[in-house]
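Visitor: Good morning. Could you take me through this structure, step by step?
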Amino acid sequence: MSLSPKLKAKTIRRYPSDWNETDTRAVDTVRLLAADAVQNCGSGHPGTAMSLAPLAYTLYQRVLKHNPADPQWAGRDRFVLSVGHSSLTQYIQLFLGGFGLELDDLKQLRTWGSLTPGHPEYGHTNGVEITTGPLGQGLASSVGMAMAARKERGLFDPDAPAGQSPFDHYVYTICSDGDVQEGVTAEACSLAGTQQLGNLIVFWDDNNISIEDDTDIAFSESVAKRYEAYGWQVLEVGSGEDVAALEQAVKLAKQDTLRPTFIRVQTVIAYPAPNAMNTGASHGAALGEEEIQATKKFLGFDPDEHFHVDEKVLAHTRELVNRGTKAQQEWQQRFDAWAKKNPERKELFDRMAAYELPENFGEDMPVWEADSKGIATRKASAEVIQVLAAQLPELWGGSADLAGSNNTVIKGAPSFGPQSISTDMWQADPLHGRNLHFGIREHGMAAIMNGIALHGHTRVYGGTFLIFSEYMYPAVRLGALMGTDTYYVWTHDSIGLGEDGPTHQPVETLAALRAIPNLAVIRPADANETTQAWVSAMRKEKGPKGLALTRQNVPVLEGTAEKASVGVAKGAYVLVEASASPELILIATGSEVHLAVAAAERLEAEGTPTRVVSAPCLEWFEQQDENYRESVLPREVTARVSIEAGLAMPWHKYTAPFGRQISLEHYGASAPAEELFARFGFTVDNVVAEAKKALEQAPAANKVPGWGNTADNKDDASVSADAASITASASSVTPAQAIDSADADTALAELAAVGTATWLDDLSRERIVSGNLKELIETKSVLGVTTNPSIFSAAMSKGDSYDADIARLATRDISADQAVYELAISDVQNACDILSSVYQRTGGADGRVSIEVDPRISADTDKTLQQARDLWKRVDRNNAMIKIPATPEGLPAITAALAEGISVNVTLIFSVERYREVIQAYKEGIAQARENGLDLSKIHSVASFFVSRIDTEVDKRLEQIGTEEARNLRGQAGIANARRAYALFIEEFQNFDIPGAHKQRPLWASTGVKNSDYPADMYVTELAGPDTVNTMPEATLEAVLNGGTINGDTLTGAGDKAEAIFRKLESAGIDFADVYAKLELEGIDKFVNAWEELLESMSQRLR
């Protein structure tokens, strides 16, 4: 490609006098490493890294004050690569400079687990100060870094002459055409000019190329004049290859201490690639091997060698370690002299650098007495901020032009900024100011706050209306990704702001913010919770926290003065306990908690024991251990109502499957707050009404284990049934005693009286949400549920019950496997909750729901065990069972899982010989669990013995044999096989006497008849007996209910007859070893095929 004279001018090389050929060779090496790295991984952005090579090399090797041996050196300059897609610009310099990256890291660009991800990530790669990639964020945050540097100077060394303090340093940023187009940089850079940040130096890579090629199609203003208008010093460097001009620009930038400097650097993207330079193609795609070879020839490198670095070049660039170490040693002398002169400030520096709070932190915090008139939580926050500011010199903050409404002012403190921007209302101080004025720049504010936090040492807060957090979202999300220590004060948090109407009333906002991983959203109920929200936010580990505060007054509630100090930090807590074991739980946040309290009083007066849970921070609640979460929201109580003036989306997790949500699923309106709350259902009357609906829908609550034995909200609160009572009930409660008395005259009740528990061999979202499963439990004696891959494949491919969740999952980077298990686990959790009362009544024997490990790993012991652990943890229900196939590889996994306390449903058992192995695996697992000190009463297991499939296969073979004797034996093998297994069960468990342990009950599986000539209930009526389970498809269940006759115990003593039938079958020519082997293989294959069909279907639906 031939460059025009204008473009050629941007490639003129000029070097300072102390530059040598090794430096030039190093710069050219950078270009080729960038090209090779992108070509090697097949994706990335080579062009900008090639043309920025001289600038990046000059900054890292000749300008920046830093030390590769100590990338966190407090006295270092900061570097921000705002053009994050050109991550190689930084990675290659980190490699050359000796920061810890090596050549292999460049070869692993953009691969799993590498130190060189697609965009630079803070905390992942040494030397990376900030995560960048979303254009504009880096440049905007660099403004915050520069502000923080000046604030730090004011805290620690305000009296030193300019340039002579150990805390004086610069912030250098490289940005792109895309960065300066983004609105967030306009917001932040405008403020930087107002702040007169002379310690901020920005290089604009002006190459006129973006993904859509020439930027003239969309970008025509004079950026330089715009930055001049912002109050920046603007300098021009006509060629990105002119190192002498770059260094001169840096010198001029440092001389202007009252303005940030914006250096326009004109480059040709991908220079000197002969055909790719100055093209949009080079921006975001590999150049191609031929183009790279041509570039290598042009620069004098071997075209066939990849990732070449001269030893001389690397030795030269790694001298940066020695230079950086020397610079830090010289700085340390100045720092030590300062520390000796300023011992109190040194003590403050050490505390802040360690991210510690002062010893007296949390003392003298405001506490409010119960008061029905109350106070707005934004006003309570203002009082807390004053106390915090007195205790924490590092705290500073402000608002996006809403200080009077957000109540964010630190009273008596000056504003942060040069004295020249002072007004009649605000007096500014560049070093001692604590009140920040971001102007009407919410997005810029959030990005600047990220920069302040990343710079380190100080703690910054920023305020606006909650609705305008939606302007902040990209920077808030990026801060959450990085774990920046920022504090957002979001006021006017609901329709409670009133007359300003729906444009200002947040509805979807809380749900959207809670969807950001690693962001804590705190919505305190009253003034006392607001105090503790601030205290807890300060005490928690680093990460962004947002306080959602009311405009309107809310009552100060009874109990918060005492309970909030512990409860808020845990995210949710019992504010008002029920008068007896709770039958209903009301869960609320913020301004709606007082409604829950008042409603609970009325419900208690009407005879319903009601617990009120205040849940100011769901993220913190989820971080608590299972015991604590269970102590607050016991699964025995399924009648629940959530109350929050926003979308119900976050609450279904806590209220499903029977709960109700009082929420706002539409926009608000312009009217007084009191009227809006009444019209939209946020009243005590409506809470009571919805509570009664929940009580009608939910099963009657069992007594909460441990209720009344411990004080509210103790860490050691009992959250599971007492082991002794479970053991006792397991030995005394039969299936007949477990079913509802209303069903006592049904055939299934008769079956239960014999000792066989009925489980349903099916599960779907439709069964759960329609109430069908609940109905089967309450009216048809169903005591458990089993699932398998075929069942979930059928469930998820029919109807629309899963559509909403699949649409939600499609917005995430999630595989079909992950999606299927997320949906299946949710169904199993809800089914477990519905069956929890059965689980309690039977001492844990029934009320079980099974979920199976991936059938594709049935031949891998380690993977099977690992997934069993994972499913047990993710389902997180004591009444779950993990199904593991009884393959040779599955048996050790069964033993190991039981030894860890996991309840197991052993599936796909066809032969008595394999069943014997299963029993031994169970006994070994229980013995190991005992050695591990586990409570054996909580471990249950069933052995799923398949029945009808035996007949299907044997009958087919008998037909092929064709004799009358053979045909007369049809339909007998399955029952005889199961009865032989039952005889083995009696033999193996009659003397089973490990204290506290349970027998592993046989479970008759595959009990739906496959031959329509056979009675539909034959695999039920002929397999009735003590200590057994029969899992039935619904058709079989209905057949038993509608015409089945239970003839008592048909198992005990039937073993001899079964053996006689088997001898006849073998004499007729049936090879049972072959039958069993074939059925086991087919069983696995059937489930694998169903699973793969489901995954393929899910993949399509996720697109």
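Guide: The conversation below goes from the domains to the sheets and then to single residues. Please keep in mind that this is a predicted model.

Visitor: Which domains does the domain assignment of the protein chain give?
Guide: The assignment gives domain 1 (5-322), domain 2 (371-697) and domain 3 (752-757 + 842-1089).

Visitor: And how many Å apart do the C-alpha centres of domain 2 and domain 3 lie?
Guide: Those two centres are separated by 52 Å.

Visitor: Let us turn to the strands. In what order do the eight strands of the barrel close?
Guide: The barrel order is S23-S24-S25-S26-S27-S28-S29-S30, with parallel pairing. From one strand to the next, the twist averages 30 degrees.

Visitor: What joins S24 to S25?
Guide: Strand S24 (residues 782-785) and strand S25 (residues 848-852) run parallel and are joined by two bridges. Gly 784 stands opposite Arg 848 in S25, and Val 785 stands opposite Val 849.

Visitor: Which strands does helix H36 touch?
Guide: Helix H36 (residues 816-834) packs on the sheet and touches S25 and strand S26 (880-885). The direction of H36 makes about 170 degrees with that of S25.

Visitor: What about helix H39, which strands does that one touch?
Guide: Helix H39 (residues 890-899) also packs on the sheet, where it touches S26, strand S27 (904-909) and strand S28 (941-946). The angle between the directions of H39 and S26 is about 155 degrees.

Visitor: Back to S25, please. How many of its residues are buried?
Guide: Five of the five residues of S25 are buried, and the strand is mostly covered. Both faces are covered: Arg 848, Ser 850 and Glu 852 lie on one side, with Val 849 and Ile 851 on the other.

Visitor: How many bridges pair S25 with S26?
Guide: There are four bridges, in the parallel sense. At one place in this pairing, Ser 850 stands opposite Met 881 in S26. The chain passes from S25 to S26 through helix H38 (residues 861-875), and this β-α-β crossover is right-handed.

Visitor: What do strands of a sheet pair through, in general?
Guide: The strands pair through backbone hydrogen bonds, and the pairing may be parallel or antiparallel.

Visitor: Now a new topic, the open sheet. What is the order of its five strands?
Guide: The order is S1-S2-S3-S7-S6, and the pairing is parallel. The edge strands are strand S1 (78-81) and strand S6 (233-237), each of which pairs on one side only. Neighbouring strands of this sheet are turned by 20 degrees against each other on average, if direction is ignored.

Visitor: How many bridges pair S3 with S7?
Guide: Strand S3 (residues 200-206) and strand S7 (residues 261-266) pair over six bridges, in the parallel sense. Within this pair, Ile 201 stands opposite Thr 261 in S7.

Visitor: Which strands does helix H4 lie across?
Guide: Helix H4 (residues 53-63) lies across S1, strand S2 (171-176) and S3. With S2, H4 makes an angle of about 175 degrees.

Visitor: I would also like to hear about helix H16. What should its 15 residues span?
Guide: At 1.5 Å a residue, helix H16 (residues 377-391) should span 21 Å. The end C-alpha atoms are 21 Å apart, which agrees with that expectation.

Visitor: Why is H16 described as largely enclosed?
Guide: Twelve of the 15 residues of H16 are buried, so the rest of the structure largely encloses this helix. Among the buried residues are Arg 378, Val 384, Ile 385 and Leu 388.

Visitor: Thr 377 is in that helix. Is Thr 377 buried or exposed?
Guide: Thr 377 counts as buried because its relative accessibility is 0%. Beyond its neighbours within four places in sequence, Thr 377 is in contact with several residues, including Pro 524, Thr 530 and Leu 549.

Visitor: And Ser 381, which residues does that one touch?
Guide: Ser 381, also found in H16, touches Thr 530, Trp 534 and Leu 549, not counting residues up to four places away in sequence. Ser 381 is buried, with a relative accessible area of 0%.

Visitor: One last residue. Where does Gly 1083 lie?
Guide: Gly 1083 lies in helix H47 (residues 1072-1102) and is buried, with a relative accessible area of 0%. Leaving aside neighbours within four places in sequence, Gly 1083 is in contact with Leu 908 and Arg 949.

Visitor: How are Gly 1083 and Leu 908 placed, along the chain and in Å?
Guide: These two residues are 175 residues apart along the chain, and their C-alpha atoms are separated by 6.8 Å.

Notes
Residues are numbered from 1 along each chain as its sequence is written. This is a predicted model: local features need pLDDT of at least 70, side-chain atom pairs count only at pLDDT 80 or more; totals for chains, interfaces and linings use all residues. Side-chain values use heavy atoms; hydrogens and water are left out. Domain bounds come from an automatic or database domain assignment. Two strands pair if DSSP finds at least two bridges between them. Axes are lines fitted to C-alpha atoms, for helices over the stretch in contact, and angles run from 0 to 180 degrees between N-to-C directions. Contact means heavy atoms within 4.5 Å. Buried means under 20% relative accessible area, exposed over 50%, partly exposed in between (1.4 Å probe, protein chains only). A crossover is right-handed if, with the strands pointing away from the viewer, the path from the first strand over the helix to the second runs clockwise. The expected span of a helix is 1.5 Å times one less than its number of residues.
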